[in-house]
Amino acid sequence: MSAKPEIVLQGTGVSSGTAFGQVLKIDSRNRVIFKIEVEDAEAEVRRFMEAIEISKHQVENLKSRLEEKVGGDHGVILDMHFLILDDRVFHDEILDSIRRNRVNAEWALAQSRDHYVEAYKSLDDEYFRDRYSDIEHVTERILMNLSGEQPFSLSNLPDGVVLAARDFNPSGFAVMDLGKVRGLVTESGGRTTHTAILSRGLRIPAVMGINNLMSLVSSGDGVMLYGDTGQVILNPSRKRIENELKKPVEQLPEIGPRRRVRLRTKDGVPISLCANIEFEYEIGAAKANGAEGVGLYRSELLYFRYPDGKPSMEDQLAAYRKLAEEMKPSPVSIRTLDVGAEKSLPSEKPEQCANPNMGLRGIRRSLRSLDTFQTQIEAVLRAACFGRIEMILPMVTTIEEIRDVRVLIDETHRRLISSGINAPYVPLGVMLEVPAAVLMMESLATEIDFFCVGTNDLIQYLMAVDRGNDQVAYLYQPLHPCVLRYLAHIAKTAARVKKSLRVCGEISANPFYAAILLGMGFTQLSMNSLSIPLIRRVIGAMSLNDAQKIARKALTLKTAKDVYEYLTPAVTRAVSAVSIDVDFGSWAAEINPGPDIS
Ligand code: PEP
Ligand code: MG
C-alpha cells in the first residue's frame with residue numbers, strides 16, 4: 001500500500017463517518033452508442049417497449065428488496081425510477097424519434113437522456129439538479145436491457161470494499177451485501193441525490209463529486225474516506241492508517257420509529273413541519289416522515305412532464321385532487337407555475353435576456369399568459385372540493401400583482417359556483433422571495449392569508465448574487481447578518497399583522513438554520529420530506545428560550561463567518577443535554593460561510 005504515493009482528493013461529504021478499505025471500481029457507463037439506420041422501425045419500437053417492461057419488473061423487484069433492507073420509507077426512492085419508466089411523455093418522445101428518424105432504440109434513448117440531463121443540470125435548485133442522476137440510472141438500465149447485458153454483479157463482493165463509481169445507481173444497494181461495503185465514493189452527484197440519501201439511511205460513509213476519480217483509482221487501491229469533510233485519501237500511508245485505526249469507533253444509535261405526536265420544543269412550544277414536494281408520488285414519503293401537510297408543491301414539475309408545457313385543466317385537476325385526497329385532513333399548498341429564468345418549459349428555449357432572474361418569472365409571467373394561468377386557477381379551485389388546498393404565488397413584488405390574481409380567482413370562483421360546482425374558498429399566500437415584497441409585508445398582508453418565505457431566491461436577490469454565476473457564488477451566504485436581519489424582520493412583521501408564516505427554502509432542512517429560525521419566531525418550516533425526522537429531533541431537543549438566545553446573539557454579529565463560528569457550537573451545545581442521533585459535523589460542513597466580505 002505504501003508503494004504508491006498518497007493522493008488527497010476533495011469532494012462533498014454526503015454521508016458521515018470514516019471508512020478505510022480497498023477500492024472496487026464499478027465502471028458501468030463506458031458505453032459508446034452508435035446511430036444505426038433501421039428498416040423496420042416498428043420492430044425497434046417493440047424492442048424498446050420490451051426493454052421498458054423488463055426494466056420495470058427489475059425495479060419493482062429491487063424496490064421490495066431495498067425495503068426489506070432499509071425499511072419501507074426508503075423504497076419510495078425507486079418510485080422515481082418507476083415513474084420515469086412509466087412516463088408516457090418519455091416513451092412517446094423516444095418512439096416518435098425512432099419512427100421519424102428511423103434510428104435504433106439505443107440512439108433515440110440516448111438523445112432523450114442527454115436532453116433531459118442537460119435540462120436538469122442547468123437548474124439552480126440543488127434538489128432538482130440532482131434528479132438528473134435518476135434519469136441517467138434509468139436510461140442505463142434500459143440500455144442494458146436493450147443489449148441483453150447482465151448487470152454488474154454486486155451480490156458477491158469481497159469483504160471491506162469501498163465502492164468507486166462514476167455514478168452509483170441507488171438500486172445497487174438492494175442487491176449488495178451491505179455488511180461488506182465500508183464506503184462509497186463517486187465522481188458525480190451531490191447531497192440530495194437518492195444515492196446520498198440512501199447512504200445516510202444505511203450509515204455507509206460516502207463522498208461524492210470527485211473530479212476525475214475514475215481515471216485516478218484502480219481496483220485494489222487502498223482508500224481512506226472521510227464522509228464528514230469530503231476528503232478521500234488514495235493509497236493512505238501506513239502512519240495515517242494506524243492513526244485512524246487507533247481512534248475509538250463511534251457507535252451510532254439505531255434510528256428509532258417515527259413519532260407521529262405533535263412536535264414541541266423542549267419547553268412545549270408547538271412547531272409544525274411540512275413537506276416540499278415536486279411529484280404526487282412523494283406524498284407517501286411525506287406522510288411516512290411525519291409531515292403535517294404539504295407546505296410547498298412546485299407545480300412547474302407537472303408542466304415539465306408535457307412536451308408542450310401545457311397540462312390541461314383535467315390533467316391538473318387529477319394531480320391536485322390526488323394530493324388533496326391523500327393528504328387529507330392536512331393542507332396542501334399548491335404554488336402556481338414558477339417558470340422563467342433558469343426554469344423553462346420543455347416547449348421553450350431558456351430566456352436569452354441579460355438578467356433572466358430579474359425577468360419574466362413566476363407570477364409576472366402567469367399574469368402575461370392569462371389562458372394558462374386561468375386553467376391552473378380553475379384546477380386548483382376545483383381540487384379544493386376534495387381536501388384542504390391552499391394557493392401560493394411565486395415571485396410576488398407588488399400589491400397590484402396580488403390584486404390582479406384576486407380578480408382572476410374571484411371570476412373563476414363565480415363561474416364554478418354558477419355551473420353547480422361548490423368550490424370552497426382557497427386561502428391565498430405569497431412567496432417572500434423579492435426584497436421589495438418583504439419591506440411591503442404590512443400592505444401585502446391586507447390582500448392575502450399567509451406568507452411563505454422562499455429563502456433560496458430571497459438570498460439571491462438580497463445579496464445580488466446570480467446563483468448560476470460561479471464567480472460570485474462565495475457571496476451566496478445564507479448566514480449573512482443581512483439575511484438574518486431580513487428573516488427576523490419577516491417573523492416580527494408577520495406576528496404583528498397576525499398572518500400565518502412558514503419558511504419553504506432549503507435552509508429549513510439544516511439543523512443549524514432550523515434552530516436560528518426557531519429562535520427568530522418561525523414556528524412552521526417546510527422542507528424535503530426526508531429531512532423532517534432530523535429536524536424533528538433537533539427542535540424537539542431544544543428549548544425556545546435557548547433558540548431565542550442563539551438568534552439574538554447571531555443578529556449582533558457582522559459577517560457570515562462570525563455567525564457560523566458562533567452558531568455551530570452553540571446549537572450543538574443547546575441540544576447536547578438530550579441524546580439525539582444527529583451528525584452535526586456533516587451538517588456544519590455543508591454550510592459554506594464564504595469569506596469575510598465586510
Ligand atoms: C425558494 O426560492 O426558496 C423556494 C422555495 O422556491 P424555489 O426553490 O422553487 O425557487
Ligand atoms: Mg423560489
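The model is predicted, with pLDDT of at least 70 needed for local features and 80 or more for side-chain atom pairs, while totals for chains, interfaces and linings use all residues. Residues are numbered from 1 along each chain as its sequence is written, chains are lettered from A and ligands numbered from 1 in the order written, and side-chain values use heavy atoms, without hydrogens and water.

**Entry: shell of ligand 1**

Helices (H or I, at least four residues) and strands (E, at least two) are DSSP runs numbered from the N terminus.

**Entry: polar contacts of ligand 1**

I then listed polar contacts, which are pairs of N or O atoms within 3.5 Å. The side chain of Arg298 has an N or O atom 2.8 Å from an oxygen atom of ligand 1. For Arg335, a polar side-chain atom lies 2.8 Å from a ligand oxygen. Ligand 1 alone exposes 290 Å², and the protein buries 98% of that (Shrake-Rupley method, 1.4 Å probe).

**Entry: magnesium site**

Which residues coordinate the magnesium ion (ligand 2)? I found Glu433 (OE) and Asp457 (OD), at 2.1 Å; donors are N, O and S atoms within 2.8 Å of the metal (3.2 Å for Na, K and Ca), and sites may look incomplete because water is not among the atoms. Glu433 lies in the loop between strand 13 (428-432) and helix 18 (435-439) and Asp457 in helix 20 (residues 455-462), so the pair ties together parts 24 residues apart in sequence. Glu433 is buried, at 2% relative accessible area, and Asp457 is buried at 7%. Buried means under 20%, exposed over 50%, and partly exposed in between (1.4 Å probe, protein chains only).

**Entry: aromatic pair**

I noted two aromatic pairs in the structure. The ring centres of Tyr297 and Tyr320 are 6.1 Å apart and the planes stand at 80°, so this pair is edge-to-face. Rings of Phe, Tyr and Trp (its six-membered ring) pair if their centres lie within 6.5 Å, with planes under 30 degrees apart stacked, over 60 edge-to-face and the rest tilted. Tyr297 is in strand 10 and Tyr320 in helix 14 (residues 313-327), 23 residues apart. Both Tyr297 and Tyr320 are buried.

Definitions and conventions: A polar contact is a pair of N or O atoms within 3.5 Å; within protein, one must be able to donate a hydrogen and the other to accept it, and residues adjacent in sequence count only if both atoms are side-chain atoms.
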